[in-house]
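Please open the model in your viewer and keep the selection tool at hand. The stops below say what to select next and what is there.

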Amino acid sequence: PAAVERLIDEIHAAWFAYHDRCESILQPINPGRTAWSGIYASGTYYMLQCDFAYMISPAMFDRFVRPELAASCRRLERSFYHLDGPGQLPHLDSILAIEELDGVQWIPGAGQPPCEDWPEVYTRIRAAGKLAQFLGTLEQFERLVQRIGRCDGFVLGHQTIDEADFPAVARRLEALGVPPIRAGAD
């Protein structure tokens with residue numbers, strides 16, 4: 001275990017050396033950044049993940065994953081965690097307890113019901129004061145909102161909207177309680 005912890009620290013240091021080098025090249029010219037998740041952020045940001053967590057116990061997660069995850073969240077201005085499949089749900093409370101973590105992206109995984117069918121996961125994420133990225137169609141998001149009774153604190157992803165359809169989509173979002181979107185707004 002001590003060797004694993006040492007290697008985790010070394011990998012963490014190497015990853016952030018690379019991350020900081022990329023930031024020095026991109027900033028201050030680039031006004032923001034994104035990762036593979038499609039979430040745009042004005043400050044340093046990354047979608048953190050540990051797919052290995054699917055195969056370990058909560059005690060092992062707290063020993064080997066959570067410290068590095070929390071350290072990454074402290075170094076980033078914006079941080080999300082990629083919660084990938086039901087095997088990671090036993091770690092959700094530990095993840096949500098990381099104060100500096102801004103949000104969680106829930107992906108049910110292959111062969112599982114779609115995101116809209118996991119209202120309890122989104123309820124836990126939002127109850128912890130974290131943002132939740134919802135991946136699915138607007139129709140699926142509307143059904144989720146009906147089930148959990150709130151739409152605040154969600155980041156929507158994976159749907160392309162034609163410019164001509166934007167006014168209708170904006171009206172549907174407003175009907176859910178999403179504030180009107182203004183052109184040029186932050």
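Predicted model: local features only at pLDDT ≥ 70, side-chain atom pairs only at ≥ 80, totals over all residues.

Residues are numbered from 1 along each chain as its sequence is written, and side-chain values use heavy atoms, with hydrogens and water left out.

Begin by selecting residues 119-127, helix H4, together with residues 138-148, helix H5, whose axes lie 10 Å apart and meet at an angle of about 70° (helices are DSSP runs of H or I with at least four residues, strands are runs of E with at least two, numbered from the N terminus; axes are lines fitted to C-alpha atoms, for helices over the stretch in contact, and angles run from 0 to 180 degrees between N-to-C directions). H4 and H5 are therefore roughly perpendicular to each other, a term for angles of 65 to 115 degrees.

Now show the side chains of Pro119, Tyr122 and Thr123 on H4 and of Leu144, Arg147 and Ile148 on H5, which make the contact (heavy atoms within 4.5 Å).

Next, select Phe61, Tyr81, Leu83, Ile95, Val121, Tyr122 and Phe154, the residues with the most contacts inside the largest nonpolar core, which has 34 residues. Such a core is a set of buried (under 20% relative accessible area, 1.4 Å probe, protein chains only) Ala, Val, Leu, Ile, Met, Phe, Trp, Tyr and Cys residues joined through side-chain atoms within 4.5 Å. Helix H2 (58-75) is among the elements that give two or more residues to this core, and H2 gives the most, with five residues.

Then centre on Leu83, which touches residues including Leu92, Ile95, Trp106 and Val121, not counting residues up to four places away in sequence. Finally, select Ala35, Ile39, Ala41 and Tyr45, which are included in a second, separate core of six residues.

Key: Parallel < 35°, antiparallel > 145°, perpendicular 65-115°, else oblique. Buried < 20%, exposed > 50% of the residue type's maximum accessible area, 1.4 Å probe, protein only.
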